[in-house]
Each structure stands twice: as structure tokens, then as C-alpha cells.
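The sequence and structure come first.

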Amino acid sequence: MNAMEKVAWTELVVSAVAVAVATLLSPWLGSAATSAFALLALIMLGAVFVRRRGDRTVIDERDRQIEKRATSIGVGTAWMTLFTALALATVWSSYSNAHAVSTEFLNWLIWVQFAICYGMKGLASVVMYRRQQHAA
């Protein structure tokens, strides 16, 4: 497992843990459970894996290509999820007695989008690394 694959696993696990903790805390804390998304800051621990070792760099062209594709997939998935959720919220508020969408829903939506972006980026990276026949 190379350094960038470790970074991908870090992004995937941290995103999943942040969503799980926020979901588990929501019955007790309500909207304050979104503070559990502060765990997403642990994604920066991935930088520990990407550093120069001696005279060689641990990131090559293959890693850069995988990172680029995975970022595209993560951001694209997050945007499509956001647009779908906002469209559904608009339809729901138009056809129900509620004429406004709650700020609590929007707050959750924003934080979940960060988790989806990094989680899908990590998942796509892991899948791309695992599909290869040999490691660098």
C-alpha cells in the first residue's frame, strides 16, 4: 500500500466516522450534533503519509491521475446530491403547509456534502488502487 492509498483510506474512514458520530449524537444533541463533523479535520492526518523520504518523492504520475479522477468523482457526487436534496426540499416546501425550509436541514445538508465529497473521493481512490494489477 503506497502513501496515496493510505491517504485515500484516511479520507474514507474519517468521513464515514464523522457521519456515523453525527447521526448517533443527533437524538441527544439535535442540531448541535453537526459539531461531530469537526472530525473531518482529521483528514489532514493524511499529510503524514505524503512527505519526502530521502531523495525520492512518494507521489508519482499514476497517483496524481488517480487523485484527479477521484476528486472529480467526489465533487461531482456531492454536487449532484446537493442539487437533488435542494430540489426535493423546494418541492416539499411548495406542496406542504411549510413555506420555508428549516435552517437546521440546510446546516445538515452542507456538512453532509463535505462528508460525501471526501468519502466518495476516498472510496473512488481505494477502488482505483485496488483494481490495479501491481503497485508502484
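At 31% relative accessibility, W111 is partly exposed, the class between buried (under 20% relative accessible area) and exposed (over 50%), with a 1.4 Å probe and protein chains only. F114 is also partly exposed, at 44%. The model is predicted: local features need pLDDT of at least 70 and side-chain atom pairs pLDDT 80 or more, while totals for chains, interfaces and linings use all residues. Residues are numbered from 1 along each chain as its sequence is written, and side-chain values use heavy atoms, without hydrogens and water.

The structure holds four aromatic pairs. Rings of Phe, Tyr and Trp (its six-membered ring) pair if their centres lie within 6.5 Å; planes under 30 degrees apart are stacked, over 60 edge-to-face, the rest tilted. Two of the pairs are tabulated.

| Pair | Centre distance | Plane angle | Class |
|---|---|---|---|
| F37 and W108 | 5.9 Å | 85 degrees | edge-to-face |
| W111 and F114 | 5.7 Å | 50 degrees | tilted |

F37, in the loop between α1 and α2, and W108, in helix α3, are 71 residues apart, and both are buried. W111 and F114 are three residues apart in helix α3, so about one helical turn separates them. Ring pairs link F37, W108, W111 and F114 into a cluster.

Helices here are DSSP runs (H or I, at least four residues), numbered from the N terminus. α1 (3-29), α2 (61-95) and α3 (103-131) each supply at least two residues to the lining of the largest cavity, and α1 gives the most, with four.
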